[in-house]
Amino acid sequence: MDTKGYFGNWGGAFIPEILHETFEQLKISYAEARKDPAFWQEYLQLMGSYSCRPTPLTYAENLTKHFGGAKIFIKREDLNHTGAHKANNVMGQGLLVKKMGKKRVIAETGAGQHGVATATMAAKFGFECTVYMGEVDVQRQRPNVFWMEKMGATVIPVKDGSRTLKDAINEAFRDWVTNVDSTHYVFGTACGPAPFPEMVSWFQSIIGQEAHKQILEIHGRMPAKIYACVGGGSNAMGIFQGFLGKDNVELIGVEAGGKGLHSGQHASRLCGNDATPGIAQGYKTMFLQNDEGQMLETHSVSAGLDYVGVSPILVDLWEQKKVRFESATDAEVMEALDLTMKMEGIIPALESAHAFVQAFKEAPKLGKDEAIIINQSGRGDKDIFTIAHAFDDPSWKQFIIDRAKEYDK
Ligand SMILES: *Cc1c(COP(=O)(O)O)cnc(C)c1O
């Protein structure tokens, strides 16, 4: 990151005047934390005692035999507290908030996963917590809203625009402008104005640091390829950082191909031709937008990859050809999920399954002495409503109907 928060041509900080001082304070606290080895030690200690770190690197022996090529390893971010890598980011930011002496946190959330993670962090640190969520998402994600409220957070449904994630982000910024002195905005991914992209990536780099050490211990040398799904880009940045600049390790980001790259119903920014450069939500990146800069409707079977922008750091790495981008369709994702559950007894989140799709396409082409790593960003249990629906499971449907009847009595 340069002094203005750019990565090549991308990123920056486009923020209202009133937030300048807050951002300065955040930048200073973050810079101090990065310089202070004791901060990272405290972070490691917290993640070890609260979020099951280090997460294992699992050898997927059955999938490896099935594909007959490279050894397939899975980095198990699904075993974090609240079931995904999001814990890494929110707990790190929680430590910073404590350092800055603030007492209130706010967050935006789409599918609710980042909201739940932030609510757990706020409960643990004793912060007041408000989560902004599009009204449509509040209706779609009732279980997550339930848990956030039970952990003491206030969930505010946002009724503007398309009533989804981008509207929740706008509303969270409005709150921040009004409450700058007391409040920290816990941004959910490696996007937004500087220093968020770099700061979130730093906390997530714990994934890559562990994976680097683990693959050397288990496999004895560097892997050939690393696969990660890309929504905003934080889990991908997390694992990639452990291997960036290491010759011969290829990094592959997999975006949501939805119903296909030519369907207009996907969320692929860097793979395909539908995104263009733009400035919105405080930063410059490749956005899925129309000629007037209006954000397009996106689609993915996985709520967590369904975002119009992408990390400016990843756009820069893509331009430098240090990361290759691919996409996986909804149909391919369901197939990879099915195979992984049957062969390994592991349930990847729908988001993570995108990375599995591309790894399964490429593993057979590699030699048996090579290794690849798939970053399993989260667990699929949370997706039971979507997965059961997509598999069209008749007894699940009956269960939902019976449950509803029970409440009607
Ligand atoms: C939120 C989420 C993602 C997408 O976010 P990134 O910032 O791109 O990592 C991916 N996987 C899971 C399980 C998630 O919860």
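The legends below describe close-up views of a predicted model.

**View 1. The two domains of the protein.** The domain assignment divides the protein into domain 1 (6-48 + 85-196) and domain 2 (53-83 + 205-390). Their C-alpha centres are 23 Å apart. Across the boundary, 35 residues of domain 1 are in contact with 35 residues of domain 2.

**View 2. The shell of residues around the ligand.** The ligand is surrounded by 15 residues. Lys86, Thr189, Gly231, Ser234 and Ser377 are the closest of these. Sorted by class, the shell holds ten polar, three nonpolar and two charged residues. Both domains take part: domain 1 (6-48 + 85-196) and domain 2 (53-83 + 205-390) each supply at least three residues to the shell.

View 3. His85 places a polar side-chain atom 2.8 Å from an oxygen atom of the ligand. For Gly233, a polar backbone atom is 2.8 Å from an oxygen atom of the ligand. For Gly232, a backbone N or O atom lies 3.1 Å from an oxygen atom of the ligand. The ligand taken alone exposes 380 Å², and the protein buries 96% of that area.

**View 4. Thr340 in helix H12.** Thr340 belongs to helix H12, which spans residues 330-344. Is Thr340 buried or exposed? Thr340 counts as buried because its relative accessible area is 0%, and the cut-off for buried is under 20%. With neighbours within four places in sequence left aside, the contacts of Thr340 are Leu63, Gly345, Ile346, Pro348, Phe356 and Phe360.

**View 5. Trp202 in helix H9.** Trp202 is part of helix H9, residues 196-219. Which residues does Trp202 touch, apart from those up to four places away in sequence? They are Tyr30, Ala33, Arg34, Phe39, Trp40 and Gln241. The relative accessible area of Trp202 is 8%, so this residue is also classed as buried, the limit being under 20%. Asp137 and Trp202 are 65 residues apart along the chain, and a distance of 29 Å separates their C-alpha atoms.

Methods. Residues are numbered from 1 along each chain as its sequence is written. This is a predicted model: local features need pLDDT of at least 70, side-chain atom pairs count only at pLDDT 80 or more; totals for chains, interfaces and linings use all residues. Side-chain values use heavy atoms; hydrogens and water are left out. A residue is near a molecule or strand if one of its heavy atoms lies within 4 Å of it. A polar contact is a pair of N or O atoms within 3.5 Å; within protein, one must be able to donate a hydrogen and the other to accept it, and residues adjacent in sequence count only if both atoms are side-chain atoms. Accessible areas come from the Shrake-Rupley method with a 1.4 Å probe; for residues, only the protein chains shown count as cover. Ala, Val, Leu, Ile, Met, Phe, Trp, Tyr, Cys and Pro count as nonpolar, Asp, Glu, Lys and Arg as charged, and the others, Gly among them, as polar. Domain bounds come from an automatic or database domain assignment. Helices (H or I, at least four residues) and strands (E, at least two) are DSSP runs, numbered from the N terminus. Buried means under 20% relative accessible area, exposed over 50%, partly exposed in between (1.4 Å probe, protein chains only). Contact means heavy atoms within 4.5 Å.
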